[in-house]
Amino acid sequence: MARATSQCGLSLIHLTLLLSSTLLSATLEEQNDNPITRFQRYLQINTAHPTPDYSSAVSYLISQANSIGGILHKTLEFSPGKPLLLLTWPGSHSSLPSILLNSHLDSVPAESSKWTHPPFSATRTSDGNIFARGAQDDKCIAMQYLEAIRNLRNNNFVPVRSVHISLVPDEEVGGFAGAAKFVESEEFQALNVGFALDEGQASVGDEFRVFYADRIPWNLKIKAKGQPGHGSKLYDNSAMENLMKSVEVVSRFRESQFDVVKAGKAMNSEVVSVNPVYLKAGVPTQDGFAMNVQPSEAEAGFDLRLTPTTDPEEMKRRIAAEWAPSVRNVSFEIIEKGPIRDYLGRPLLTATNDSNPWWLVFKQAITSVGEKLSKPEILPSTTDARYLRQKGIPVLGFSPMKNTPILLHDHNEHLRDTVYMKGIQVYESLISSLSSFTEASH
Ligand SMILES: [Zn+2]
């Protein structure tokens, strides 16, 4: 009896130990593998330019997709060494136009010495902020798309339309080797995309921001020529004088646009912006420039951003006639960075009114989780969304970050864990609503 009791006692202890160790390992596993740690692991992969580690990022995302289950993956490569990962959650009616969720794999570089935590450590501070390059732009959305699908699958949700996630390279350097080639591919055409979401920006307020268009970047170079001469001589038509006249005219245009913003009549992204970014002139010497020579050539570079509705031909006429007229011995060159109109010649913007049924579904999905949207905006910068819009696809730029400082491309980029987690819930609502919506004509 005593022996039996002791044996029984031992077994109980053994069982208790076994149970507690199982519980412990489950807790540890949970601690090591939860939405936040999975996000941190993605952030720790250094995909910053100029040497983004795309292959590690792609492997990691495939492992995440596999852990969710039911997700197909395909790696495309339109430019050597620049993979594009395509994940697909098949819908029950896969012949219907699909939903595409886009995110870029790369990020801009980070100056480690200016950061309070190393930019690829993904350090989570005691107040919940996760510090990493890419935390806001835009690794958050890639992982939130996946986590939302993970949760929806766990709840046995089945999409009607197929849902694709494209994880594209090189967005931060123009997207020419990534999204620009992707939209021209047979693989893209086969997706039959009806509606897409791409990155947006953080909101400092309590409402989410949403973007229906990007501005259109042009690089403008104005080159002046003129009579060279002694620095002491006053004469007309020197290269410097010719260039400075151009700079004056451009500056006046800049002021006129900026005044509209200052008067509160438009947002920054609703006007044409032009900013001088370099000046090149002078006759070089060993220790600087010849101070007594008026050079025969001078050049200035401008970052010009058109609104989606700016008439590009009208803009070119203005540049030719007013900013860089040949009569003043000035010439110009415009380098257009991406498309200006869609394949039907329409401005690259997505309607945010009743005419666009996708907009109504999008808005409803946000309000149904108790969230608010601020007035739809034009993005002041540029994203891969423009390549999708060029194909006539409605695209909204959206990153669910509110009460968050705007830190994309900045030092100490970070995102709060609670904001990240809320974003997953928002995407659950968006993905389930958009993929179940069957009334859109396309
Ligand atoms: Zn981005």
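Figure 1. The protein contains 11 helices and 19 strands, where helices (H or I, at least four residues) and strands (E, at least two) are DSSP runs numbered from the N terminus. This is a predicted model, in which local features need pLDDT of at least 70 and side-chain atom pairs count only at pLDDT 80 or more, while totals for chains, interfaces and linings use all residues. Residues are numbered from 1 along each chain as its sequence is written. The C-alpha trace spans about 120 × 55 × 45 Å along the principal axes of the protein. Of the 442 residues, 38% are buried; a residue is buried if 20 or more other C-beta atoms lie within 10 Å of its own, exposed if 12 or fewer, and partly exposed in between, with C-beta atoms placed from the backbone. Two residues are in contact if their C-beta atoms, placed from the backbone, lie within 7 Å. Among contacts with a separation of 6 or more, 77% join residues 24 or more positions apart.

Figure 2. In the contact between them, 5 residues of domain 1 meet 7 residues of domain 2. The side of domain 1 that touches domain 2 has 3 nonpolar, 1 polar and 1 charged residues. For these classes, Ala, Val, Leu, Ile, Met, Phe, Trp, Tyr, Cys and Pro count as nonpolar, Asp, Glu, Lys and Arg as charged, and the others, Gly among them, as polar.

Figure 3. An unreviewed UniProt entry lists Asp106 and Glu171 under "active site". The two span 66 residues in sequence, yet no two of their C-alpha atoms are more than 6.8 Å apart, so they gather at one spot. UniProt positions are given in the numbering used here, feature names are shortened, and annotations may be inferred rather than shown by experiment. Asp106 belongs to the loop between β3 (98–104) and β4 (123–124), and Glu171 to the loop between β6 (163–168) and α5 (179–182). Asp106 counts as buried because it has 24 C-beta neighbours inside 10 Å; Glu171 is buried with 28 other C-beta atoms within 10 Å. Not counting residues up to four places away in sequence, Asp106 touches Thr47, His49, Pro52, Pro169, Asp170, Glu171 and Glu172. By the criterion that leaves out residues up to four places away in sequence, Glu171 touches His104, Asp106, Gly178, Ala179, Thr383 and Asp384.

**Figure 4. The packing of helices α3 and α4.** Two packed helices are described by the angle between their axes and the distance between the axes. The axes of α3 (residues 54–68) and α4 (residues 139–154) come within 10 Å and cross at roughly 10°. That angle makes α3 roughly parallel to α4. Axes are lines fitted to C-alpha atoms, for helices over the stretch in contact, and angles run from 0 to 180 degrees between N-to-C directions; angles under 35 degrees count as roughly parallel, over 145 as roughly antiparallel, 65 to 115 as roughly perpendicular and the rest as oblique. Gln64, Ala65 and Ile68 of α3 meet Leu146, Ile149, Arg150 and Arg153 of α4. By class, this contact has 4 nonpolar, 1 polar and 2 charged residues.

**Figure 5. Ala148 on helix α4.** Ala148 is part of helix α4 and counts as buried, with 23 C-beta neighbours inside 10 Å. Leaving aside neighbours within four places in sequence, Ala148 is in contact with Ile424, Tyr427, Glu428 and Ile431.

Figure 6. Most residues other than glycine have a negative phi, and most peptide bonds are trans. His49 and Pro50 are joined by a cis peptide bond with omega about 15°, and Pro50 is in the loop between α2 (35–43) and α3. The peptide bond from Asp137 to Asp138 is also cis, with omega near -15°; Asp138 is in the loop between β5 (129–131) and α4. Asn156, in the loop between α4 and β6, has a positive phi near 60° and counts as exposed, with 6 C-beta neighbours inside 10 Å. Asn237, in the loop between β10 (229–230) and α7 (239–262), has a positive phi near 70° and is partly exposed, with 13 other C-beta atoms within 10 Å.
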